[in-house]
Amino acid sequence: MTMVRLQGREAGPADQLWLGVSTIQPGGGTTLDTSPAEKFYVVLAGQVLVSNGAEEVVLSPWDSCRFAPGEARRLRNISGTDASILLAMPLAGHKPIEAP
């Protein structure tokens with residue numbers, strides 16, 4: 001898997017979150033792991049099997065999912081071509097803005 005940051009961190013200014021695009025080759029993916037940050041994934045191309053270790057779902061282009069802080073997640077490209085996934089997550093150490 002390769003990832004390129006689009007906005008935030010070293011890619012450009014951002015106050016709340018950063019965006020990146022990951023490319024996963026056919027059959028490739030990530031290991032089941034947790035993160036303290038909330039994460040949102042949007043599949044841009046291919047089909048991706050997404051799991052939290054208890055449930056699995058297949059996401060196709062323009063499908064999205066959310067992983068809560070501390071929730072495990074795993075992604076696997078089940079298509080015959082590269083899969084592209086947009087990732088949005090808060091900047092590390094950032095506190096959410098309180099609603100008025």
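## Surroundings of Ser51

Apart from residues up to four places away in sequence, Ser51 touches Leu32, Glu56, Phe67, Ala72, Arg73 and Arg74, a contact being a pair of heavy atoms within 4.5 Å. This is a predicted model, in which local features need pLDDT of at least 70 and side-chain atom pairs count only at pLDDT 80 or more, while totals for chains, interfaces and linings use all residues. Residues are numbered from 1 along each chain as its sequence is written, and side-chain values use heavy atoms, with hydrogens and water left out.

Ser51 belongs to strand S4 and has a relative accessible area of 3%, so Ser51 is classed as buried (under 20% relative accessible area; exposed is over 50% and partly exposed lies in between, with a 1.4 Å probe and protein chains only). Its side chain has a polar atom 2.9 Å from the backbone nitrogen of Gly53, and the backbone oxygen of Glu55 lies 3.1 Å from a polar atom of this side chain. For a polar contact, N or O atoms must be within 3.5 Å, and within protein one must be able to donate a hydrogen and the other to accept it; residues adjacent in sequence count only if both atoms are side-chain atoms. Ala72 is 21 residues from Ser51 along the chain, and the two C-alpha atoms are separated by 7.9 Å.

## Overall composition

The protein contains 0 helices and 8 strands, and its elements from the N terminus on read β-β-β-β-β-β-β-β. These elements are DSSP runs numbered from the N terminus, with helices (H or I) of at least four residues and strands (E) of at least two.

Of the 100 residues, 33% are buried. Among contacts with a separation of 6 or more, 64% join residues 24 or more positions apart.

## The sheet S5-S4-S7

Three strands form an open sheet in the order S5-S4-S7, with antiparallel pairing; strands count as paired if DSSP finds at least two bridges between them. Strand S5 (56-59) and strand S7 (74-77) each have a single partner strand and stand at the edges, so one side of each lacks a neighbour in the sheet. On average, neighbouring strands here are turned by 25° against each other, direction ignored.

Strand S4 (residues 48-51) is joined to S5 by 4 bridges, and the two run antiparallel. Within this pair, Ser51 stands opposite Glu56. Val50 also lies in strand S4, and counts as buried at 4% relative accessibility. Beyond its neighbours within four places in sequence, Val50 is in contact with Glu55, Glu56, Val57, Leu59, Cys65, Phe67 and Arg74. The C-alpha atom of Val50 is 9.6 Å from that of Gly29, which is 21 residues away along the chain.

Strand S6 (residues 64-67) has Cys65 and Phe67 on a covered face and Ser64 and Arg66 on an uncovered one. S6 pairs with S3 in the antiparallel sense over 4 bridges, with Ser64 as the bridge partner of Val42.

The loop between S5 and S6 holds Trp62, a residue that counts as exposed at 67% relative accessibility. Trp62 is not a glycine, yet its phi is positive, near 75°.

## The largest pocket

The largest pocket has a volume of about 220 Å³. Among the 15 residues that line this pocket, Met1, Ser22, Tyr41, Arg73 and Leu87 are the closest to its centre. At least two lining residues come from each of strand S2 (17-24), strand S3 (39-45) and strand S8 (83-90).

On a 1 Å grid over the protein atoms alone, a pocket is an open set of points with protein on both sides within 12 Å along at least five of seven lines, whereas a cavity is a set where a 1.4 Å probe fits but cannot get out; lining residues have an atom within 4 Å of a point. The volume is the space filled by probe spheres set on the points, which are joined across faces, edges and corners.

Note on methods. Axes are lines fitted to C-alpha atoms, for helices over the stretch in contact, and angles run from 0 to 180 degrees between N-to-C directions.
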